[in-house]
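Please have the model open as you read.

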Amino acid sequence: MNVLLQRLRSLPQLIQFVLVGGAAAATHLAVVGLLVTFAGLAPLHANVFAFLVAFIVSYNGHALLTFSRAQVHGWAVIGKYFAVACLSFITNELLYYLALHWLHWHYFWSLAGVLVIVAMGTFVMSKFWAFRARSST
């Protein structure tokens, strides 16, 4: 496991972000698909539960891999990253609503497109605020 983690940490940060974000997005999509298909939840309601599950994957992945060099940990970082994730999720829900109700796109493909669009903003806010290393002055 440590060998795999070291190899992943040697990749460029943007690729690490895509890998972790892809795992979180896959988790998000899978949870929405399961809740809509098997629990009969409306897609927008299922999206809320999926966000919370995907947050766990996303935070841990970024803390252990993408932003591990910043060496920042603890509740303050979790709180900042949760704020970033919530802002991204609000954007996600608004765009998802537009795709579902104005464009009438399929719920699954709508969410896939929205997740890609929101990811870049999430990266910038995570790198330059949530996981920003403290200056050593």
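## Ground rules

Helices here are DSSP runs of H or I with at least four residues, strands are runs of E with at least two, and both are numbered from the N terminus. This is a predicted model, in which local features need pLDDT of at least 70 and side-chain atom pairs count only at pLDDT 80 or more, while totals for chains, interfaces and linings use all residues. Residues are numbered from 1 along each chain as its sequence is written, and side-chain values use heavy atoms, with hydrogens and water left out.

Let's start with α2, which covers residues 13-38. The expected span of a helix is 1.5 Å times one less than its number of residues, so the 26 residues of α2 should span 38 Å, and the 37 Å between its end C-alpha atoms agrees. Just after α2, glycine 40 takes a positive phi of about 70°.

Which residues of α2 are buried? With buried meaning under 20% relative accessible area, exposed over 50% and partly exposed in between (1.4 Å probe, protein chains only), the buried residues of α2 are Gln16, Phe17, Val20, Ala24, Thr27, His28, Leu29, Val31, Val32, Gly33 and Val36. Taking contact as heavy atoms within 4.5 Å, their cover includes α1 (2-9), α3 (43-66), α4 (75-102) and α5 (107-130).

## How α4 meets α5

Two packed helices are described by the angle between their axes and the distance between the axes. Axes are lines fitted to C-alpha atoms, for helices over the stretch in contact, and angles run from 0 to 180 degrees between N-to-C directions. For α4 and α5 the angle is about 150° and the axes are 9 Å apart. The two helices are therefore roughly antiparallel to each other, given that angles under 35 degrees count as roughly parallel, over 145 as roughly antiparallel, 65 to 115 as roughly perpendicular and the rest as oblique.

The residues of this contact divide into 18 nonpolar, 6 polar and 1 charged. Here Ala, Val, Leu, Ile, Met, Phe, Trp, Tyr, Cys and Pro count as nonpolar, Asp, Glu, Lys and Arg as charged, and the others, Gly among them, as polar.

## Positive phi in two loops

Glutamine 71 sits in the loop between α3 and α4. Although glutamine 71 is not a glycine, its phi is positive, at about 55°, and its 59% relative accessibility makes it exposed.

Histidine 104, in the loop between α4 and α5, is not a glycine either, yet has a positive phi of about 60°. Histidine 104 counts as exposed, at 62% relative accessibility.
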